[in-house]
Amino acid sequence: MAKINGNEIKPGYVLEHDGGLWAAVKVNHVKPGKGGAFAQVEMKNLRDGRKLNERFRSEDKVEYVRLDNKDQQFLYESEGRLVFMDSETFEQIELDADLLGDRRPFLQDGMTATIEYYGDEALSVRIPQKVVCRVAETEPVLNGQTASKSFKPAILDNGLRIMIPPFVGADEAIVVNTELFEYSERA
């Protein structure tokens with residue numbers, strides 16, 4: 001691990017602070033008229049999700065942590081545990097389904113996800129930003145509404161409710177943004 005100055009912290013950096021691993025969510029660099037410059041950092045604990053606001057002066061030293069990213073294939077879910085397989089070593093790992101949070105319904109069999117490791121400990125799971133889903137049910141297509149900005153509710157094959165354009169009908173494949181939970185385009 002490398003030590004960095006407090007004014008070098010950027011959003012997305014992972015830091016070891018107060019005995020835990022913290023991800024910098026927001027960083028605001030402040031130069032007051034009197035006194036030294038500092039960085040006001042909003043951090044999120046990677047193990048339990050707690051949030052913390054901390055001030056780091058430019059002369060403060062913090063531990064910068066590098067996480068290992070591995071692409072792994074999702075195999076199946078069993079009793080609230082997700083089973084992934086390393087594509088190179090064919091080694092299987094079980095992770096808690098809570099690591100995905102509310103994006104869990106987008107995880108599909110055979111999908112490749114990026115898992116971030118700190119040593120041997122899996123800290124987070126990232127799925128692709130865009131996923132193809134099928135519209136399970138929605139209102140019928142209305143002719144002449146192709147140019148309007150209105151949206152209609154739809155239920156996807158994974159059970160999620162999103163808003164889709166009026167020209168998309170039931171049983172059509174669409175691309176959904178997994179970060180914003182919204183319609184992106186037709187598949």
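This is a predicted model: local features need pLDDT of at least 70, side-chain atom pairs count only at pLDDT 80 or more; totals for chains, interfaces and linings use all residues.
Display the side chains of Thr-114 and Asp-71: a polar contact of 2.9 Å links them. The contacts of Thr-114 are Asn-69, Lys-70 and Asp-71, together with Ser-124, Val-125 and Arg-126.

Next, colour residues 69–123. The UniProt record, an unreviewed entry, assigns the feature "domain: Translation elongation factor P/YeiP central" to this range. The span is 56% strand and 0% helix, and the C-alpha atoms at its ends are 10 Å apart.

From here, turn to the nonpolar interior. In soluble globular proteins, nonpolar side chains tend to be buried together. The largest nonpolar core of this model has 27 residues, and the members that touch the most others are Phe-84, Leu-107, Leu-156, Ile-164 and Ile-174. At least two residues of this core come from each of the strands S8 (81–86), S10, S11 (121–126), S12 (130–138), S13 (152–156), S14 (161–164) and S15 (173–177). Another core lies apart from that one; it has eleven residues, among them Ile-4, Leu-15, Ala-24 and Val-41.

Which residues surround Leu-156, leaving aside its neighbours within four places in sequence? Select Leu-156 and display its contacts: Cys-133, Arg-134, Val-135 and Ala-136, then Ile-162, and finally Ile-174 and Val-176.

Now display the open sheet of five strands, whose order is S14-S13-S12-S15-S16 with antiparallel pairing. Strands S14 and S16 (182–186) are at the edges; each has a single partner strand, so one side of each lacks a neighbour in the sheet. On average, and with direction ignored, neighbouring strands in this sheet are turned by 55° against each other.

Within the sheet, focus on S15, where four of the five residues are buried, leaving the strand mostly covered. Five bridges join S15 to S12 in the antiparallel sense. Two positions may be picked out along this pairing: Val-132 is opposite Val-175 of S15, and Cys-133 has Ile-174 of S15 as its bridge partner.

To find one of the paired positions, select Val-176 and its bridge partner in S16, Tyr-183. S15 and S16 form a hairpin with four residues between them, and Phe-181 in the turn has a positive phi of about 55°.

The last stops concern backbone geometry in two loops. Most residues other than glycine have a negative phi, and most peptide bonds are trans. Select Asp-18, located in the loop between strand S2 (14–17) and strand S3 (20–30). The phi of Asp-18, a residue other than glycine, is positive, near 50°. Is Asp-18 buried or exposed? Asp-18 is exposed, because its relative accessible area is 66% and the class requires over 50%.

Finally, select Phe-90, in the loop that runs between S8 and strand S9 (92–96). Phe-90 has a positive phi near 60°. At 58% relative accessibility, Phe-90 is also counted as exposed.

Technical notes:
Residues are numbered from 1 along each chain as its sequence is written. Side-chain values use heavy atoms; hydrogens and water are left out. A polar contact is a pair of N or O atoms within 3.5 Å; within protein, one must be able to donate a hydrogen and the other to accept it, and residues adjacent in sequence count only if both atoms are side-chain atoms. Contact means heavy atoms within 4.5 Å. A nonpolar core is a set of buried Ala, Val, Leu, Ile, Met, Phe, Trp, Tyr and Cys residues joined through side-chain atoms within 4.5 Å. Buried means under 20% relative accessible area, exposed over 50%, partly exposed in between (1.4 Å probe, protein chains only). UniProt positions are given in the numbering used here, feature names are shortened, and annotations may be inferred rather than shown by experiment. Two strands pair if DSSP finds at least two bridges between them. Axes are lines fitted to C-alpha atoms, for helices over the stretch in contact, and angles run from 0 to 180 degrees between N-to-C directions.
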